[in-house]
There are 2 protein chains.
Amino acid sequence: MSRRAVYELHDISLENDALMLHESIFHNANGYIGVRSNFEEGYPDGYDSIRGSYLNGFYDYAEMKQAEKLYGMVEEKQTILNVADTQTIFLYLEDEVFSMYEGTVLSGRRWVDMEAGCTGRQVVWRSPKGKEVEITIKRMTSFVRTSLFTIEYAVKALNFDGEITFVSKHEGDVSNYSNPDDPRVAAKSARHLIPVSAKYQEDVSYVVTNTSKSNLKVCTAVKNQLQKGKGECREQEICGHGAEERIETHITRGATVTLVKYSIFCDSIRHRDCKQQAEEELKQALGISLEKHYEEQKAYLANYWEQSALEIEGDEELSLAVRYNLYQLVQSVSKDEYGNIAAKGLSGEGYEGHYFWDTEMYIQPFFVLTNPDISRNLISYRYKTLDEARENARICGHKKGALYPWRTIEGSECSGYFVSGTAQYHINGDIAHAVVAYYLATKDMEFIADQGAEIIFETARLWMDAGNYHRGQFHIHEVTGPDEYTCMVDNNYYTNVCAQYNLHWAVIFYRQLKDLGRIETLAKKLSITEQEVADFEQAEKNMYLPYDEELGINPQDDTFLQKPVWDIEGTPKENFPLLLHYHPLYLYRHQVCKQADTVLAHFIFEDAQDMETIQKSFAYYEKITTHDSSLSTCIYSIVAAKLGLYDKAYEYFGDSAKLDLWNTHHNTKDGIHTANMGGTYMTIVYGFGGLRLKESGLYLAPLLPEQWQGYQFRINYEGTHIQVEIDQEVCILRLLSGEAKELHLYGRKLLLENTVTAKRVQA
Amino acid sequence: MSRRAVYELHDISLENDALMLHESIFHNANGYIGVRSNFEEGYPDGYDSIRGSYLNGFYDYAEMKQAEKLYGMVEEKQTILNVADTQTIFLYLEDEVFSMYEGTVLSGRRWVDMEAGCTGRQVVWRSPKGKEVEITIKRMTSFVRTSLFTIEYAVKALNFDGEITFVSKHEGDVSNYSNPDDPRVAAKSARHLIPVSAKYQEDVSYVVTNTSKSNLKVCTAVKNQLQKGKGECREQEICGHGAEERIETHITRGATVTLVKYSIFCDSIRHRDCKQQAEEELKQALGISLEKHYEEQKAYLANYWEQSALEIEGDEELSLAVRYNLYQLVQSVSKDEYGNIAAKGLSGEGYEGHYFWDTEMYIQPFFVLTNPDISRNLISYRYKTLDEARENARICGHKKGALYPWRTIEGSECSGYFVSGTAQYHINGDIAHAVVAYYLATKDMEFIADQGAEIIFETARLWMDAGNYHRGQFHIHEVTGPDEYTCMVDNNYYTNVCAQYNLHWAVIFYRQLKDLGRIETLAKKLSITEQEVADFEQAEKNMYLPYDEELGINPQDDTFLQKPVWDIEGTPKENFPLLLHYHPLYLYRHQVCKQADTVLAHFIFEDAQDMETIQKSFAYYEKITTHDSSLSTCIYSIVAAKLGLYDKAYEYFGDSAKLDLWNTHHNTKDGIHTANMGGTYMTIVYGFGGLRLKESGLYLAPLLPEQWQGYQFRINYEGTHIQVEIDQEVCILRLLSGEAKELHLYGRKLLLENTVTAKRVQA
């Protein structure tokens, strides 16, 4: 990959759409706190902005009225909350307040430095009265101390001596984004967060807010430190919902004065006394210098980058985009089991901060190979919410097993439209698949015994109740596959093959645990019997996987191929994404796919079909897939690579890599697309690298896109670090640390003890 | 049928559930006004009551929030409004106010007289202080003057002389029913009706109210007349939202004093100046005596009963129930094209006053044979709302044609859950079927040319866009059939056969109109071409009708038979209706039917299949049908009769006849079930009578249930009145008036010139 670690804009657009986009692009997050990149000084009236700070897993309940009431419909959802605003700082040059919309912006740039783990904005500004300053603002959410957010606000007087004043705000009276003009966003924000106290204590402002329904609390603490000012005069003002500090100082021409604003966020999910915790954490944070914090941040990221060590030679632009995407993953992923990875990470309010199957099928494939601890945490989150999944299964009529929710924060279903939400039963298989992938990469049987097996058994059980035998084969009816343009179908190929895998591994884990003498407690807890396991095995063996003889493909479901084919070519460009322009019934009635569905199955469960079926299916589905979902192009890239369709593979890889930085889906303003970011990683390592984790071992079959001179990546396989290097001629595998491992390279089994060099095969 | 025309309760239950039920059972309606049978004096605190007066087709818009927004989702519905309360009258015996909850009720009864067209309540009451009165209250909504509602409130002093006072209210500040404890009803009533003026003018109170969103108005006028009181003292009080008149008079022991309260309802849908219209109508109503009004009412009903002349000998109880059901049809049906027949008639707010396919498939079969004018009006309502149906088709993605809404008042879709609402495309075929039925019964080609053909062409067109050819056959995907426990399916048998019929008649009418030289204007208006008609014909001929070789039945849809069969026997009784206890996904995943679906098709389109298929299908579906819908048992009765399953036919007939009077669905409090009432008629005339209207003519094949000694009915066939009499031995057809007609009796074609007597055949 490009050695470049800085993504920079050399100009700061003040156009509203660009502003909102860049709020997402340059947001700071550390897996716990996320702060959108709003201008500290705000915007003039009339400008729309999503000004927000979010905490992973911190939510309130919100009413979700159903137009018609049906049994089991969800009427209350969780929604991520915009918490206290600590990013607001006004700068006064005597009586003139800094604003990019007044005076003259002489130059401006914004950046994110992915090695430093900071974002920045630098502006050279001439005030209406002619004072010139260079303002450099650096923001960081610390990966090492996840409750900490810092703003370093440096002002250099270019052509004057005088008084300057910082007004630093700490505001608890905030609400979620709403826009009466945008039908996709709440027109009026409900009041979720209620400020309960605000006070100064030893120059630190503490604001405590309560959620209105979920009974949660967050305490924010803010400390403003002035550096290098000549003398300072402070005024503190407090009101019921926030605090404001005015710091006046003298600046001389050519000198720089810096305000460092430390913000601490502590919530009551993670801490019994969040106010006390905030005090403690702030004290620790202030115990070391800002420079030290920057060093810690850099060291954390150095390790992060080293784990994957993805380097590409060639195509600088896309390489930088890849790095950006991987950076967003570490920004987005929770480092504890109280959170997960929201569809938009911590960059915005799109999808209300909900967690989807995106985590397991698009992001876990990265963490499982590079950060097994994070991967395990993500599974622990699912384990922690297993009771809610059981409850969801009961609501959906199942007497046994668990059904994971389509979208959630604390574990219960938040889908308001079950047809393309709760009906996506494949989420059960996806989570099971992630458990197995973690196991295959780590062989951590201890974790399987503790948590993984229970997830696998409970999800497997659900298939037994959701499906039924018909003429000797196991069918699964009335579910929705990944493709949301075709809903509530019978025998969705992806779902069935996913269920089959789930059942298969339930049997394996049961037997392994039995052999280890560790099944009894669990079997008793779950009332699981040998007969039930035998039933799993029988269903697995007899799973019906639709196949069309005439076309030689796997139909997406039982009746998919009977429907008319949507005329994608003939559809006006402005009618995409289709979901915003066509009634669901009309979409459902056509052969048209929002995203990879059968093609996804052919990647994940590739051994279920021969190459010819996969090839024909790819050709068939590619023509009718709009990629209106951000979960699609990465999968098409991977399968194209597998099929030797290199140009297509590269093109789809590019689509995936560019999605947010190029804003190709026109909605990055609502937040980044984390699943696609994991997908970009997959296009390289699983796609071009041909990596697969299977019951039979680790497989690699790297090819080289012609746009590249070479690339490399590192993986952690059963505790062994392996570096994979590909260039024009050869593929080299290096054992960096750990024990020797057997693996398959280009289909040939070998033992990696030190280094293996193989002639590169282009399939 | 029983000669009895009075349904009476010899006791007045004051238990809350019974009160609400009887409010529906004894409501007064005339197709325009509906007034629930609330006690004039109201109820004590803590009693729940749906106090309401409704006007057919009079609505406001109400917000319908969608939990998740999707393209085309309906976010505003129409809802029937509770309009001004004119039924409230308090009676004071000096300082004691009459209430059935105080003092002693010495006797009480309520009744509906279906020949007189009145309801009544009679109470002998002893006040706490010992005064005894006999109160007799008679209420009528006039069929002859549909804006008129009268209450005749007679008080006889049994044991005292003294002053009595009537306080007669006229209240415009009313709202729809709400109940925070019932999840199926609005928790809080939105404010729909806003009183704009109230005044007295020549002892008449006029209250004008406006709807809050639909910009409609209603004016109510009330006149209180005192009869036989000795002297009277009136006090009138007016406020912004209503009027109250106190009339004090002297009564002597043994004498009767009567208050007659005339209420007039006029709305701005039907009248330009509804206040002026109300004045005018009241003047006319007061121009004749109350007795004269009663006579008019009786004469109107005499004619109504004569048209159908349904008489049954035997089973008094069910016979009375049949009469009750037919009475509700004339109460419910609009006499103009501004209204239709709501699912609950004008008896309550259930289903919000919406019109469904119930009209066409369950109620039109009665009117088409007995009141062709009403039948035509009902079609005109659909014609009048054709533009809204076209708009609905556009929303659903169709470039051509019309798609009638699942539920509506003014014509636009009000379904909040399209899966079992808008997706019921068969409503198009149902309306087309009603047009054809009207034509077959009347041969009124003039009406077809004017209105009917346009409906048929526009509905036919929709099938061409909704369906597609697959392997040479015409398929229709992603629709919902009548059975709401199975949704969004492919090739629902009922829908496909219904579409086939629709296409068939589009071709026929096109050619007939062409032959008559009357197609040009219409063809030009609709841009309909010969090619399009040829396409209709081809689709009709190649319509795919699913058939299962193994079972010898028509599967409900493409994959219905693959699903597991619901264990109805094993389902706890308290879990019915299933929809209130199971998630839709779970229901959809099983072979379980809420109602007749394929079996309905086998009645309506019986010639599409042979007898064996119909017989086997009936046996198959009967086992998996819960009849949780009120549209089901009547159809099962008819098909059972056709198949010679007489006991079943009679039992299902009984279920249908009893539904509301016995409150077997436990929800008659929300209003009567009009579709089932039409269904009861069908069980007799189409079921036992074997009547069918076909392209090839009129068919009769009457059988006699063993519970009856005989029965008879009259029909109007192409302007000829025919009486059908069945007894133990013979079936007699009498031509009562009109020209001789060819028809088929027991499969034999004959010419009815005068009387035909045939030996009765029991199939």
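In what order do the strands of the open sheet of four strands in chain A lie? The order is E23-E24-E28-E29, and the pairing is mixed. The model is predicted.

## The sheet in chain A

Strand E23 (692–694) and strand E29 (748–752) of chain A are the edge strands, each pairing on one side only. From one strand to the next, the twist averages 30°.

E29(A) has strand E28 (residues 741–745) of chain A as a partner: five bridges join the two in the antiparallel sense. Within this part of the sheet, Lys741(A) stands opposite Leu752(A) of E29(A). In general, strands of a sheet pair through backbone hydrogen bonds, either parallel or antiparallel.

## Helices H5 and H8 of chain A

Helix H5 (residues 358–370) and helix H8 (residues 426–442), both of chain A, have axes that come within 10 Å and cross at roughly 10°. Because angles under 35 degrees count as roughly parallel, H5(A) is roughly parallel to H8(A).

On the H5(A) side, the contact consists of Glu360(A), Met361(A), Gln364(A), Pro365(A), Val368(A) and Leu369(A). Their counterparts in H8(A) are Asp430(A), Ile431(A), His433(A), Ala434(A), Ala437(A), Tyr438(A) and Ala441(A). By class, the residues of this contact divide into nine nonpolar, two polar and two charged.

Key
Residues numbered from 1 in each chain as written. Chains lettered and ligands numbered in written order. Predicted model: local features only at pLDDT ≥ 70, side-chain atom pairs only at ≥ 80, totals over all residues. Axes fitted to C-alpha atoms, helices over the stretch in contact; angles between N-to-C directions. Parallel < 35°, antiparallel > 145°, perpendicular 65-115°, else oblique. Contact = placed C-beta atoms within 7 Å. Nonpolar A, V, L, I, M, F, W, Y, C, P; charged D, E, K, R; others polar. Pairing = 2+ DSSP bridges.
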